[in-house]
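Dear colleague,

Please find below the structure that I am handing over to you. My notes on it follow directly after the sequence and coordinates.

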Amino acid sequence: MKFAVLGPRSAGKTTLLACMAKEFENELPGTIIPADSGTFASLNQAYKSLKKEADNPDRREFEREQTIGGTSMLREFLFHVVGHGAYLPVKFYDFPGGWIIPGNSNNQTVIDILKASAVIIVAINTPYLMEFDGKYIDEGCARDEIEWVIKRALEGDANERLILFVPIKCERYLETPDDRYRLHKAIKDAFENTRKLVTNPSYRGRVAMALLPVQTVGNAKFKRFNFAADGRIEREVYRKDPNTKFSPKNVDQPMRYIMSFLLEQFAQNKKNGSWYDKFLSFIFREGDLKEVAEYIRRGIKSDNDLEAGIEIFCGRELIGLPTHK
């Protein structure tokens, strides 16, 4: 299964995958594992670098760009979801931020991969969205470019899709109910046109969208931007809580939503002859992957968990979550 991770450079895409892999290793060992040496080495190094900096007692601040470098080429992260005598290869595609810009020579590559992806994760660099009344949103979130490539990927397609909006580096913006309200409103306003796609009759009932904030550090909150001489943002500076250790939160939720979505499509047994449905029927054979997928799914949080800051925009039935009464 192919999943695409969209976002500009330094949005935190690699950090998200690294923390997710470690969380499953710690909490559900042997269920989701990096499946090749490149994936393991890259994500393991990213996780260790982030943890080391977050736990460094000699520094009350750290700059995120110095911890994990941005993506400079197309990267593929391969995981195996391991069941009884079977496994599901899951490949996450991470693109350089410039590739999603229309006119870039690699833009069509992004669109082609999105067309073949069951899930699209939109990684949101939260401080760019929230600070200075969103003045730097285009520099740090690439919302228009993301909207455009998603539209291109969905046109003419009949398969179900899950689109996850994942704010990263959002510790500062989840502290109180008012903070969470402002974060939700800012994301809904910024990506309004993307969310409106589901009002199109061609996509209605086939696209699920959810907002899943993740805290990839836990003990550090955004403090300020450092600016270059020409006015561009050069660094993001975070202030650490000296009384709290590195403690990522909810980094497992995107993968749990993914597995719940795939399980629900299997349970509905939609037989329209597409590669998508045939593949789902093949991978979730009884006794192979269905049981472990349900095991992963049990820890899912929904928008009933107010502190998690989760909101499901549409498609609860596609994700397999009960509808609100």
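The paragraphs below set out what was found, grouped by topic.

This is a predicted model, in which local features need pLDDT of at least 70 and side-chain atom pairs count only at pLDDT 80 or more, while totals for chains, interfaces and linings use all residues. Residues are numbered from 1 along each chain as its sequence is written, and side-chain values use heavy atoms, with hydrogens and water left out.

Helices and strands

Helices (H or I, at least four residues) and strands (E, at least two) are DSSP runs, numbered from the N terminus. Helix α7 covers residues 177-190, and its 14 residues should span 20 Å at 1.5 Å a residue; the expected span is 1.5 Å times one less than the number of residues. The end C-alpha atoms of α7 are 20 Å apart, which agrees.

The buried residues of α7 are D179, R180, L183, H184, A186, I187 and A190. Here buried means under 20% relative accessible area, exposed over 50%, and partly exposed in between, with a 1.4 Å probe and protein chains only. Seen down the axis of α7, the buried residues fall within an arc of 165°, so they line one face of the helix; the arc is that of the directions from the helix axis to the C-beta atoms. The exposed residues P177, D178 and Y181 sit on the face of α7 turned away from its buried side.

In helix α11 (residues 290-297), the buried residues are K290, V292, A293 and I296. They cover an arc of only 165° around the axis, which puts them on the same side of α11. The elements covering these buried residues include α1 (13-27), β2 (32-34), β4 (75-82) and α9.

Two buried threonines

T39 belongs to helix α2 (residues 37-54) and is buried, with a relative accessible area of 1%. Its side chain reaches the backbone nitrogen of L78 at 2.9 Å, where a polar contact is a pair of N or O atoms within 3.5 Å; within protein, one must be able to donate a hydrogen and the other to accept it, and residues adjacent in sequence count only if both atoms are side-chain atoms. Setting aside neighbours within four places in sequence, T39 is in contact (heavy atoms within 4.5 Å) with P34, E76, F77, L78 and F79.

T194 lies in helix α8 (residues 192-195) and is likewise buried, at a relative accessible area of 2%. Residues up to four places away in sequence not being counted, T194 touches E147, I150, F165 and M209. T194 and A4 are 190 residues apart in sequence, and their C-alpha atoms are 16 Å apart in space.

Loop residues

D157 is placed in the loop between α6 (143-154) and β7 (161-168), and its relative accessible area of 19% makes it buried. The side chain of D157 reaches the backbone nitrogen of N159 at 2.9 Å. Beyond its neighbours within four places in sequence, D157 is in contact with K115 and R206.

D133, in the loop between α4 and α5, has a positive phi of about 55° although it is not a glycine; D133 is exposed, with a relative accessible area of 83%. N250, in the loop between β10 (233-240) and α9 (253-268), has a positive phi of about 65° and is not a glycine either. N250 is buried, with a relative accessible area of 12%.

Aromatic pairs

Rings of Phe, Tyr and Trp (its six-membered ring) pair if their centres lie within 6.5 Å; planes under 30 degrees apart count as stacked, over 60 as edge-to-face and the rest as tilted. By this rule the count comes to 15 aromatic pairs. One of them, F132 with F225, is stacked, at 6.4 Å centre to centre and 20° between the planes. The pair links distant parts of the chain, 93 residues apart: F132 is in the loop between α4 (126-130) and α5 (137-141), and F225 is in strand β9 (residues 220-227). F225 counts as buried, at 7% relative accessibility. One aromatic cluster is formed by F62, Y128, F132, Y136, F222, F225, F227 and Y238.

Cysteines

How many disulfides does a search of the whole structure find? The search finds 0, a disulfide being a pair of cysteine sulfur atoms within 2.5 Å. The closest cysteine sulfur to that of C19 is in C170, 12 Å away, which is too far for a bond. C19 is buried, with a relative accessible area of 2%, and C314 also counts as buried, at 17% relative accessibility.

With kind regards
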